[in-house]
Amino acid sequence: MIHSLFLINASGDIFLEKHWKSVVSRSVCDYFFEAQERATEPENVPPVIPTPHHYLISVLRHRIFFVAVIQSEVPPLFVIEFLHRVVDTFQDYFGVCTEAAIKDNVVVVYELLEEMLDNGFPLATESNILKELIKPPTILRTMVNTITGSTNVGEQLPTGQLSVVPWRRTGVKYTNNEAYFDVVEEIDAIIDKSGSTITAEIQGVIDACVKLTGMPDLTLSFMNPRLLDDVSFHPCVRFKRWEAERILSFIPPDGNFRLLSYHVSSQNLVAIPVYVKHNISFREGSSQGRFDLTLGPKQTMGKAVESVLVSSQLPRGVLNANLSASQGTYTFDPVTKLLSWDVGKINPQKLPSLKGTMSLQAGASKPDENPTINIQFKIQQMAISGLKVNRLDMYGEKYKPFKGIKYMTKAGKFQVRT
Amino acid sequence: MSSSSAFNDDKGGSSSVGEPEYGHDPASGGIFSSDYKRHDDLKEMLDSNKDSSKLEAMKRIVAMIARGKNASDLFPAVVKNVACKNIEVKKLVYVYLVRYAEEQQDLALLSISTFQRGLKDPNQLIRASALRVLSSIRVTIIVPIMMLAIKEAASDMSPYVRKTAAHAIPKLYSLDPEQKDQLIEVIEKLLADKTTLVAGSVVMAFEEVCPERIDLIHKNYRKLCNLLIDVEEWGQVVIINMLTRYARTQFLNPNINESLLEEGGGGEKTFYGSEEDEDDEEEEKEKKSEAAALAKRKPYVMDPDHRLLLRNTKPLLQSRNAAVVMAVAQLYFHLAPKAEVGVIAKALVRLLRSHSEVQYVVLQNVATMTIKRRGMFEPYLKSFYIRSTDPTQIKVLKLEVLTNLANETNISTILREFQTYIKSMDKDFVAATIQAIGRCATNIGEVRDTCLNGLVQLLSNRDELVVAESVVVIKKLLQMQPEKHSDIIKHMAKLTDNIQVPMARASILWLIGEYCEHVPKIAPDVLRKMAKSFTNEEDIVKLQIINLAAKLYLTNSKQTKLLTQYVLNLAKYDQNYDIRDRARFIRQLIVPTEKCGALSKYAKKLFLALKPAPVLESPFKDRDHFQLGSLSHLLNAKAGGYQELPDWPEAAPDPSVRNVEVPEWTKCSSREKRKEKKVEKPFYSDSEGESGPTESADSESDSASGSESGSGSEESGSGSESEESEEGSESEEEEEEEEGEEKDQKKKKNKEIKKPVQESESENSSEEEERKNERKRRQRKNDSESESEEEEDESESESSQSESEDSDSEAEVKKKKVKTAQTKPPPKPAKTDNKKGKKEMSLLDLDDFEPAPSPQVTPVNNFLSNSLVTDLEGLSLSDNVLSPATISPSSATKSYELLHRITGEGLSVEYCFSRQPFSPDANMVAVQIEFTNNTTNDTKNLHMEDVKLQSGMRVKEFPEIELLPAGETTTAVMGIDFCDSTQAANFQLCTHSRKFFVSIQPPVGELMRPVFLTENEFKKEQGQLMGMNEITEKLMLDVKCRNEHAIVQRVITAANLSRVPCGSDKECSPPVLPPELPVHRFSGRTVTSSSLVLVTVASKEEGTAQLMVNCEKMVIGTMLVKDILLALTQ
């Protein structure tokens, strides 16, 4: 399926290549560069590019293009999903997935890719199995390896690959047994010019960090499982149990993983936790524009709205912005025309505002496009949908684990049109 | 050691000054500078006999490969290291080998023998990796070797090796396509494999090698459907795609009847929008009547296999893997009845939250689906609204979907959205929006005027691109009803002065030319202007100028004759041959000369014929003849290796081809099967035999250890061969059974309800019944030998007591027993009764299960295997499966009294040895303590104090229990390192008010943990523990304990040992004994010192038997002999 993989950085250098079948010349990437040139923006490079003899399927993550070369029919999503899994694995191993990190760990990268694909077909993609095969590099281990000449390839044979619970490594031991679950909900919304909601939906995930000894069997139940409209599970979750009882029953992988992502049914009205009053206008004939933005909380159920960050792409005609923020700091990049305002926490008594003027190119006519305002925020200790975990039980092991559940609401793609 | 010193120098150089190119970091740019020097150096490092320098060299070489640098000249030096001991070096050599073997075929052959040796390794993982590398080496000479290796591996007993064999098939096929026939045989064999591990890989091989051999699937179809949910995600994608194709060839179109109904009810419009052309509709009707006729002949009933596929794929819509979701979605789109396709919409919309590349692919497919089945996505209209942060290619696709979804009811909302989009900063997107508006306008008559007006307004937009796009769209719209809109045409004529975009200029010119009769005054003027700028125009504009000139000449030759000639003259000398040709052609056609023929008479008709309005249709129309989700669909062109999705067959092929004969053993009762399963499971998880928490001591463990040996004991030769095959059939049995269950849902449910009850019954049932079960099982297994032996035993006389009771050792043991019994209070019932009562209680309690560990401790493996069983069962079992109630009777654990209710003033404490590994310290024995508060007051702060121990012993206290409410029971686990002695651990048990002195004394059997040995290993070890370390006793077996099961049960109860699987008894009995009689072997290690404990029980005629214990620790050995004697004779 996947013939070769090329990693290309932002400046167009191929800094890593790996072949699983016969070697494909790196000149095949020229087709990719052509497409890249045509696309102007990096994110507009088509994910699938046909060339005379091959097809290039690429993903862009962390400003690195991962370009897979394939030769015959294969579901494109299969390749895309796999490439993303590769990036996730790198991130998991090196903390960040940058060109420097990959170059520093090129041998580990190679070993990983070797295990993940066999003849172009995915072999071991579960992080628990991979970590059994190849130990992630840590500073300490790198030092020890340098001195003792020992390796970061697992000495023991990876029995996990043979297991019926392939996502969990065997022989896990912890002195402190802990299981933490983060319920994170994101609000995707488009708010109209007039402040009315055009579309709003809640997408949530439950991320888990489970460090439990042995083979624990967990069940997680919700107070109000009916809220969840559409869910997708980590493979460890027993699907039929969810269908029948709306209980999550699973033997967790070791470490961090995403247990569940869900969509809250669209019947429920979404509480929008912030409102924006805006007045962005340009007068015909003058080279000045007005910018006036005020943020305020609404429907937050008494919780503070934190880490608020407002960003907006101003029209190309704007030369500079001369604004004053009542709170936080703002920056305006005159090249990209990106205005961003780091507000911080919203104080309901004293609403944060950003006011001032924008200067336009002299003589230029008034821009006819309206900037949209993107807002990011966080609300701790609350799931906006009202989802609540009822209880977490553990079977199969005798100790008492420490359990913790955290809720958070964030802005997803939260846009205000002006 | 010149080489190693050289290496050291290099290292030194890197850290100090000297030669920076020898950095540790293989990727640091410097090392690639001086070629020759570097290679010599690497060769030296590879030749050194230090692993560390070899590793360093290999790392640098791999870094070179990664950068695409040529490292092929190092081949001889590298290939020598293929047999290196160091695993990492070895792996990196493999990487190198796979990369360069194709270029250096001869040298690559040097490495082959290493892999051939690896193929014979007893460890399955080594076999697998040897096959993997061997098959990746692309050297044609070794094709026969590969073929042989694949064939062998395909019948390997390890599913992992078989999986690797499946992976190797396409590799060999691409190397030598002539092997196809042989490979198909292997594929056929592997397709019949019943493990989830193999399924995905073999289907992948099938797709690459012989996708046309759909007949190979028949027999495996149902199995694949049933296994699907447990296959790993990548395999799922491949299997689903293949099954889609399969289903298209084997089942009837499920929508035959629906189209019939639709026709009858006239409900057509809901599915097919009004935009459909008349002709199309007619065609459609024709088709339908045909179909209806067909349906009338034979009413459509969905094949149960078709239904099975749909049912088993549906849960996968919930997968986290986008590729799996897409695969299921396309399966439903192509195979499901219309009414059911809707379920996929939600999942596909969910994928839109994913990475932009995923969105891109999903939106392409949604766009195709919306054309065919618009209703499906209508509820999710808002999910396709566009955000300013979306990449342009995503925006355009979303627009496409929105346009496809537009109908009379939602068009106003959509148009309002479009209005916002037009103000976007992304001009490409604005252009796409304008086109979308145009399409909405053509498709939905009601809004045509609104759209047109909006577009005309856009003509005054400042952005030229926007205007140009509007012009092009307006042109298309006007074509539909030109007479109404002459003012718009006039307005557009004015635009020629400003608009520079060629396409737009060309469009305007065409419009004016086409409708010059509506704007008779302006048209010649426009031509005049154009003639002036002709030479500077783009080709496409020039062509339209010529066109305009020709049309005006024909309608208004008086005013434009000269102009036209001027333009044609200009065109005659144009650089572009197209334009020159056109000019020549038009001149001949319209300017009457004596030479020109009849054609010029028709010139007017030719040029001014009424042209049909263009149909603005989606570029995604008709794309669904490609299988959705495929590369070919995405590119709208057939990709290499694409398998056409066949049309539905007219009549269904014979469904009986999928019937599989049901082997007899699937008919046995469910409970017994369940037991089999439990036993079977640990094979996968523990099989590589790390010591760890291996087998529990319950009665079933014998067959489990049987399978264990199967994996480890290949070298033992023919003796264990039969064992292996038996194991294989067992696992198959299990899979098959699952299938059976899946097939009959109802039955399964019944079973589920019954199961727990049955299980608990079995737990309480008398031993006889257990034995009966056991025997039944055995019968089924056709283990006739043990069967007959059992009978023999029973027919024997019952004179066992006398002999054993004579021995003093016996008496001693008895005394000890009495001692423990004495600590027991008089009011308590007899020990056994007590135990039973206990069990029953725990069973009842478990109905409302509490998270605290249950009092009846069961070995961890049971828990695991149990939950795994639920996993395998399609994850459908209810709570009670998880509770220990269903766990097989673990008679091994005995509870002992620690503190009686009366002495403890209402607090009663019992302990038992759970036989689980004590996780904080492997050298400790886990003791499970159960506290019951029989008072009416709460007991607080339960903890231990003042531990008195013999030297060397250690105790890990249980965590303090804060509160034990009245009437409640709780448990805690503590660990004691008894130092392999039976000395008691004394300590005080403290509550908030009182302290009690208590002591825990372990029976010797609890001082060990089971280890797995194969028979050969056992004998080898036994041979080393002769003489002083061997204790032999003769005994007379208790009447009730003359069959194999009872002996095993009792020994395992007495001591925490695991059974050594015996292959054929005849072969392996020690020579002293008559060969027909069974020998039971058990093995373990002491917990603290890990000394081996080997127990052999050889039964002889007339109920006599010989007990032999081999143990390094003689004291332990002696005591163990006594305990086991006691257990076997009573």
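The model is predicted, so local features need pLDDT of at least 70 and side-chain atom pairs count only at pLDDT 80 or more, while totals for chains, interfaces and linings use all residues. Residues are numbered from 1 along each chain as its sequence is written, chains are lettered from A and ligands numbered from 1 in the order in which they are written, and side-chain values use heavy atoms, with hydrogens and water left out.

Contact is taken to mean heavy atoms within 4.5 Å. Among contacts in chain A between residues at least 6 apart in sequence, 68% join residues at least 24 apart.

The two chains meet through 123 residues of chain B and 118 residues of chain A. The size of an interface is often given as the accessible area lost when the parts come together. Here, chain B and chain A bury about 10500 Å² between them, with 57% of that area on carbon and sulfur atoms; buried area is the accessible area (1.4 Å probe) that two parts lose on being put together, summed over both. On the chain B side, B:Trp234, B:Arg353 and B:Met425 lose the most area to chain A, together 8% of what that side buries.

Side chains of opposite charge can pair when their charged atoms come close. A salt bridge is a side-chain nitrogen of Lys or Arg within 4 Å of a carboxyl oxygen of Asp or Glu, and 11 of these are counted between chain B and chain A. One of them joins B:Lys91 to A:Glu115 at 3.3 Å, N to O. Both residues belong to a network of salt bridges that also links A:Asp118, B:Arg132 and B:Lys171. Helix α3 (residues 51-67) gives the most to the side of chain B that touches chain A, with 8 residues. By class, that side has 52 nonpolar, 39 polar and 32 charged residues; Ala, Val, Leu, Ile, Met, Phe, Trp, Tyr, Cys and Pro count as nonpolar, Asp, Glu, Lys and Arg as charged, and the others, Gly among them, as polar.

The expected span of a helix is 1.5 Å times one less than its number of residues. For the 17 residues of helix α25 (residues 427-443) of chain B this gives 24 Å, and the end C-alpha atoms are 24 Å apart, which agrees. Helix α21 (residues 356-372) of chain B has 17 residues and reaches 25 Å from its first C-alpha to its last, close to the 24 Å expected. Helix α25 of chain B is mostly covered, with 14 of its 17 residues buried, and α21 of chain B likewise has 14 of its 17 residues buried.

Over all chains, the whole structure contains 51 salt bridges. B:Lys551 and B:Glu514 form one at 3.0 Å, N to O. B:Lys551 lies in helix α31 of chain B and B:Glu514 in helix α29 of chain B, so the pair ties together parts that are 37 residues apart in sequence. Both B:Lys551 and B:Glu514 are buried. Helix α31 (residues 539-555) of chain B also holds B:Gln544, which counts as buried because its relative accessibility is 17%.

B:Arg528 is partly exposed at 38% relative accessibility, and B:Asp525 is partly exposed at 33%.

How values were computed:
Helices (H or I, at least four residues) and strands (E, at least two) are DSSP runs, numbered from the N terminus. Buried means under 20% relative accessible area, exposed over 50%, partly exposed in between (1.4 Å probe, protein chains only).
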